[in-house]
Amino acid sequence: DQSDGTNSPSDLDGDGDVDVAGPATLAYVDEVFTDLAATLEPSDQLFIYTTDHGGQESGQDCYLNLWNLQQLRDDQLAAYVDALPCETIICTFEQCFSGGMVDDLEGDGRVIATAAAWNEYSWAMGPDYLYDTFVYHWTSAVAFARPDGTPVDADTNNDGVCSMAEAF
């Protein structure tokens, strides 16, 4: 998945356990959503978090870049999500033009946070561009800490929980 042909580390949190279950390909995305449709219950809550690059087809139609130059279009993702029985789905999208996901995915019981509007780029943080600006702050808010361990308090109503609105 890297521009030099190597893969990113599969231990995302440094705890020694592999955190990646499969490749970011259309076939594997289809397999995962097929499994989710068979195992989720109406009372379950699904959290979808995407990173990497995205693009715009036209207007509000966007896509998420996958491996091997494959793309997951917003209407494809919406069809997968619509087939799920769970009543609550939370989505956080980091890619450019990610706001284009909203019109296809919005509905009752859904929370959608995007790094950019349907016609905007999402930007990395300088000077090293290691993190996307939006998900750096969003993830730091829900984790109550930055990646370096510095505490973060986004709990604006002081109820001990960082809601999706507070993270946004």
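User: With which residue does the side chain of D82 meet in a salt bridge?

Analyst: The model is a predicted one. A salt bridge requires a side-chain nitrogen of Lys or Arg within 4 Å of a carboxyl oxygen of Asp or Glu. For the side chain of D82, the N to O distance is 2.9 Å, and the partner is R110.

User: Which parts of the chain does this pair tie together, and how many residues apart are they in sequence?

Analyst: The salt bridge joins the side chains of D82 and R110. D82 belongs to helix 2 and R110 to strand 6 (residues 110-114), so the pair ties together parts whose separation in sequence is 28 residues.

User: Is D82 buried, partly exposed or exposed?

Analyst: Buried means under 20% relative accessible area and exposed means over 50%, with partly exposed in between. The relative accessibility of D82 is 49%, so D82 counts as partly exposed.

User: How many salt bridges does a search of the whole structure find?

Analyst: One of them is the bridge between D82 and R110. Another joins the side chains of R73 and D75, at 3.0 Å from N to O. Of this pair, R73 is partly exposed because its relative accessibility is 29%, and D75 is partly exposed with a relative accessible area of 35%. The search of the whole structure gives a total of 2.

User: Is L12 buried or exposed?

Analyst: L12 is located in the segment before helix 1 (26-39). The cut-off for an exposed residue is over 50% relative accessible area. L12 has a relative accessibility of 64%, so its class is exposed.

User: Which residues form a nonpolar patch on the surface together with L12?

Analyst: The patch has about 300 Å² of accessible area together. Besides L12, its members are V18 and V20.

User: Which residues lie nearest the centre of the largest pocket?

Analyst: The largest pocket holds about 1,600 Å³ of space. Helix 1, strand 1 (45-50) and strand 3 (61-65) each contribute at least two residues to its lining. The lining comprises 33 residues, and those nearest the centre are L12, V20, A24, Y49 and T51.

User: Which element of the protein chain has the lowest mean pLDDT?

Analyst: Over the protein chain, the mean pLDDT is 91, and 98% of the residues reach 70 or more. Among the elements, helix 2 (residues 74-82) has the highest mean, 97. The lowest mean, 91, belongs to helix 5 (residues 164-167).

Conventions:
Residues numbered from 1 in each chain as written. Predicted model: local features only at pLDDT ≥ 70, side-chain atom pairs only at ≥ 80, totals over all residues. Heavy atoms only, no water. pLDDT = per-residue confidence, 0-100. Helix = DSSP H or I, 4+ residues; strand = E, 2+ residues; numbered from the N terminus. Patch = residues over 30% accessible without salt bridge, like charges linked within 9 Å, V, L, I, M, F, W, Y side chains within 5 Å. Areas by Shrake-Rupley, 256 points an atom, 1.4 Å probe, with all protein chains shown as cover. Buried < 20%, exposed > 50% of the residue type's maximum accessible area, 1.4 Å probe, protein only. 1 Å grid on protein atoms, 1.4 Å probe; cavity = no way out; pocket = protein on both sides within 12 Å on 5 of 7 lines; lining within 4 Å. Points joined across faces, edges and corners; volume = space filled by probe spheres on them.
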